[in-house]
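Q: I would like to go through this structure with you. Could we start with the overall layout and then turn to individual residues?

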Amino acid sequence: MPRKEQGWVTFQTSEDERKILEEFCEQSQRTKTEILRELVRSLTQHSSVPVSPPTQHEKQEDIYTQKPDIESSIQKKSLKVSSRNILKGVVKRVVYGAVNSEVTLEIIHKVELTSIITRASAEELELSEGKEAYAVIKSNDIVIARE
């Protein structure tokens, strides 16, 4: 099956553009795929706004601090997930780090699951104490150990 039919997107960039992307990935400790997916998703925020070429001033702005300035008007759809291990819980705490966040869900009284996710994901999900969320567990093997 060709890559296009598998969801692959390829494009040519200059050496300078590749270097900018690689430096950004290194500084944000995220992969190129994560960065480009976030960029593509942010395009929906601008879908009703005509796109114009950037001005000279905009080109000189620090690309690491630019953020979309238009709120998304698209409603989120419910997701169907292939994983069979989905546990509903309540966010007990979120500890935001520079790159990653530690999210703890209370599944039932005194039963907690903690996951490390990217800070960007935690912010996008708008996770905060008391909100409902799901732990989706996908694993090929579970390791059990004893002393």
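Predicted model: local features only at pLDDT ≥ 70, side-chain atom pairs only at ≥ 80, totals over all residues.

Q: What part of the contacts is between residues 24 or more positions apart?
A: Among contacts with a separation of 6 or more, such pairs make up 45%.

Q: Let us move to the helices. At what angle do helix 1 and helix 2 pack?
A: Helix 1, residues 15-28, and helix 2, residues 32-43, pack at an angle of about 100°, and their axes are 9 Å apart. Helix 1 is therefore roughly perpendicular to helix 2, as angles of 65 to 115 degrees are counted that way.

Q: Which residues meet there?
A: From helix 1, the residues are L21, E22, F24, C25 and S28. Helix 2 contributes K32, I35 and L36. By class, this contact between the helices has five nonpolar residues, one polar residue and two charged residues.

Q: Changing topic: where is T104, and is T104 buried or exposed?
A: T104 is in strand 2, which covers residues 100-108. T104 counts as buried because its relative accessibility is 0%, and the cut-off for buried is under 20%.

Q: Which side chain does the side chain of T104 make a polar contact with?
A: The partner is the side chain of T114, at 3.0 Å. Leaving out residues up to four places away in sequence, T104 touches V90, V91, K92 and R93, as well as E112, L113 and T114.

Q: What about L105, buried or exposed?
A: L105, which also lies in strand 2, is buried, with a relative accessible area of 6%.

Q: What does L105 contact?
A: Beyond its neighbours within four places in sequence, L105 is in contact with V90, V91 and K92, with V111, E112 and L113, and with A133, Y134 and A135. For K92, which is 13 residues from L105 along the chain, the C-alpha separation is 5.4 Å.

Q: And S101, where is it and what does it touch?
A: S101 is found in strand 2 and is buried, with a relative accessible area of 1%. Residues up to four places away in sequence aside, S101 touches V94, V95, Y96, S115, I116, I117, T118, R119 and A122.

Q: What is phi for K110, then?
A: K110 is not a glycine, yet its phi is positive, at about 70°. K110 is in the loop between strand 2 and strand 3, the latter being residues 111-118. With a relative accessible area of 70%, K110 is exposed.

Q: What is the phi of E126, and where is E126 found?
A: The phi of E126 is near 55°, again a positive value in a residue other than glycine. E126 is in the loop between helix 4 (119-124) and strand 4 (132-137).

Q: Why does E126 count as exposed?
A: E126 counts as exposed because its relative accessibility is 54%, and the cut-off for exposed is over 50%.

Conventions: Residues numbered from 1 in each chain as written. Heavy atoms only, no water. Axes fitted to C-alpha atoms, helices over the stretch in contact; angles between N-to-C directions. Helix = DSSP H or I, 4+ residues; strand = E, 2+ residues; numbered from the N terminus. Parallel < 35°, antiparallel > 145°, perpendicular 65-115°, else oblique. Contact = heavy atoms within 4.5 Å. Nonpolar A, V, L, I, M, F, W, Y, C, P; charged D, E, K, R; others polar. Buried < 20%, exposed > 50% of the residue type's maximum accessible area, 1.4 Å probe, protein only. Polar contact = N/O pair within 3.5 Å; in protein donor to acceptor, adjacent residues only side chain to side chain.
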